[in-house]
Amino acid sequence: MTVKPIHVAIWLPARFYSAVAATLVEMLELVNALRREPAFTFEFVARTPVAAATSGIAFPARPQPSAPVDVLVLLAMPGLNVPEMLRALAEESGHARPLIDQARQQGAIIAAHCGAAYFLADAGLLDGRRATISWWLKEDALRRFPKVRWDPSRLLLRQDRIYSCGGGFSGLELATALLRDLGFAKEERIVRKLLVLPPARRSQTPYEFPLDEVAPQPFRDRLLEVARADLPALSPESLAGTLGLSPRTLARRFTEELQTTPGRWIQDRRLDAARDLLERSDLGVAEICYRVGYQDAASFSRLFARRTGLPPGEYRRQAR
């Protein structure tokens, strides 16, 4: 008896990583080869007949799927400038929305890679559901879509027929999870061995680092200088005094330029410093706690686990 192939549509935005798009279809092709029959059919969908990746590699695409969609995979554009990326996501969301609505009506599995979880949240599909997103977009996601039960520490989350995963090559975890859940666990194990894929990962927290290091901005650069000078003693009041700003003006600048508050920004810098010490030193958790500006190791450990999804000791083990 011939079984109808599972049809996968992959949405390509205005910018995307060619390696992610190509790896997804190559894994599907490997399953087809292992089964000696077309278990999957697939096609790329985009606004233009030829979608160009950031590398310049071109992918032929259709404006609409040529067949009913069983699985819709949404890729999102890469980028390190968060405000610029958020503007691009907002624009791309409008273009992806009809395809999402169509897939939803057809009862398809819908999977969002990287920042594409923004598209699903914008469409209301994630309200009340658990979801993850690229770690560098988590602050904006938590603020813009409060009805979503965000857990940005997780690399991959699925609830009902909706999947979300973190940035970059978390697409590997997304692809292997889809294969297993669609009934191809045996083939998935072989594909993993053939491609020498890394062991399954659960958390994207160990991959986080301060984006300030690669996407500098004048106001933020000055803040970092002040923080590096004396992070343990830093407070919103001392920060305002050093910068020659009133507390109200400082709060306004943070909201306009960094989309956060001074207190939250200081807390994030302390946690960044703690992560760095956990990765690079053999200092105990209590000593790290004091060095970054906290006085109670137990409270620090609880905060660290709440914000990163991992207790300090486990974070150190996974990050090394």
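**Labels and their grounds**

Mentor: Arg270 lies over the face of Tyr294, at 5.6 Å from the ring centre; a charge sits over a ring if NZ of Lys or CZ of Arg is within 6 Å of the ring centre and within 35 degrees of the ring normal. This is a predicted model, in which local features need pLDDT of at least 70 and side-chain atom pairs count only at pLDDT 80 or more, while totals for chains, interfaces and linings use all residues. Residues are numbered from 1 along each chain as its sequence is written, and side-chain values use heavy atoms, with hydrogens and water left out.

Trainee: What makes the pair of Phe16 and Phe59 edge-to-face?

Mentor: Rings of Phe, Tyr and Trp (its six-membered ring) pair if their centres lie within 6.5 Å, and planes under 30 degrees apart count as stacked, over 60 as edge-to-face and the rest as tilted. By this rule the count comes to 10 aromatic pairs. The centres of Phe16 and Phe59 are 5.5 Å apart and their planes stand at 70°, so this pair is edge-to-face.

Trainee: How do you know that Phe16 is buried?

Mentor: Phe16 has a relative accessibility of 0%, and therefore counts as buried.

Note on methods: Buried means under 20% relative accessible area, exposed over 50%, partly exposed in between (1.4 Å probe, protein chains only).
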